[in-house]
Amino acid sequence: MIKKITRLFVYLVPLTVLLYFVQQYVLSSYFNQIEFKLSPFSIYLFHFLTVTVSYILLVLVNKYFFQQTGYAFLAFGIIKMGLSVFFLMPVIDSDIANKIPDVLSFFIPFFVFLLLETIFSVNLLNSSDLKEN
């Protein structure tokens, strides 16, 4: 179980740091005239925490309730979508005329992190060695 979580962190931590600095550079270099409601740090912290918590919970579900792992993955995905809407409420409620840059700065990393989480979750779902659980 620890090995599966560690394997995720081997990819998640460098990806988070790399994408954070890339986005920070792009926003400061090319979009410095646009006011963003959400900082890149808060966006990446949100994504890092949601992927971490949902994958750890998914590994626990896989260990104790193997048959329910797929349903847990879907449930955690729906919960993450709800949390994303809640996280974006400052942007939704703001008086900013053009909210698209803020939404894109959130959802582009969202889909990258979702892809990473999906790859690890599918590997977890396809693990046929029950002793590894």
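Helices (H or I, at least four residues) and strands (E, at least two) are taken here as DSSP runs, numbered from the N terminus. The structure is a predicted model, in which local features need pLDDT of at least 70 and side-chain atom pairs count only at pLDDT 80 or more, while totals for chains, interfaces and linings use all residues. Residues are numbered from 1 along each chain as its sequence is written, and side-chain values use heavy atoms, with hydrogens and water left out.

On these terms the protein has five helices and zero strands, and its elements follow the order α-α-α-α-α from the N terminus. The C-alpha trace spans about 55 × 25 × 15 Å along its principal axes. Of the 133 residues in the protein, 34% are buried; buried means under 20% relative accessible area, exposed means over 50%, and partly exposed covers what lies in between, with a 1.4 Å probe and protein chains only. Contacts, meaning heavy atoms within 4.5 Å, were also sorted by sequence separation. Among those with a separation of 6 or more, 78% join residues 24 or more positions apart.

Angles under 35 degrees count as roughly parallel, over 145 as roughly antiparallel, 65 to 115 as roughly perpendicular and the rest as oblique. The axes of α1 and α2 lie 10 Å apart, and the two helices pack at an angle of about 165°. That angle makes α1 roughly antiparallel to α2. Their crossing is right-handed; a crossing has this hand if the near helix is turned clockwise from the far one by less than a right angle, and is left-handed if anticlockwise. On the α1 side the contact includes K4, I5, L8, F9, L12 and V13, and on the α2 side it includes P40, F41, I43, Y44 and F48. By class, the contact of α1 with α2 has 17 nonpolar, five polar and one charged residues. In this scheme Ala, Val, Leu, Ile, Met, Phe, Trp, Tyr, Cys and Pro count as nonpolar, Asp, Glu, Lys and Arg as charged, and the others, Gly among them, as polar.

Helix α2 (residues 40-64) also packs with helix α5 (residues 100-125): their axes come within 10 Å and cross at roughly 20°. The two helices, α2 and α5, are therefore roughly parallel to each other. Here too α2 passes α5 in a right-handed crossing. Residues of α2 including F46, H47, F48, V51 and Y55 meet residues of α5 including F106, P109, F110, F113 and F120. The residues of this contact of α2 with α5 divide into 14 nonpolar, five polar and one charged.

A further partner of α5 is α3. The axes of α3 and α5 are 11 Å apart, at a packing angle of about 165°. Helix α3 is thus roughly antiparallel to α5, and the crossing of α3 and α5 is right-handed. The contact is made by T69, G70, F73, K80, S84 and F87 of α3 together with F106, F110, E117, T118, S121, L124 and L125 of α5. By class, the contact of α3 with α5 has six nonpolar, five polar and two charged residues.

Helix α5 itself deserves a look. Its 26 residues should span 38 Å at 1.5 Å a residue, and its end C-alpha atoms are 35 Å apart, which agrees; the expected span is 1.5 Å times one less than the number of residues. Buried residues of α5 include P101, D102, S105, F106, P109 and F110, and what covers the buried residues of α5 includes α1 (2-30), α2, α3 (69-87) and α4 (89-93).

L116, in helix α5, counts as buried at 11% relative accessibility. Leaving aside residues up to four places away in sequence, L116 touches L8, Y11, L12 and L15. V103, also placed in helix α5, counts as partly exposed at 31% relative accessibility. In helix α3, I78 counts as exposed at 59% relative accessibility. From C-alpha to C-alpha, L116 and I78 are 16 Å apart in space and 38 residues apart in sequence.

Terms used. Axes are lines fitted to C-alpha atoms, for helices over the stretch in contact, and angles run from 0 to 180 degrees between N-to-C directions.
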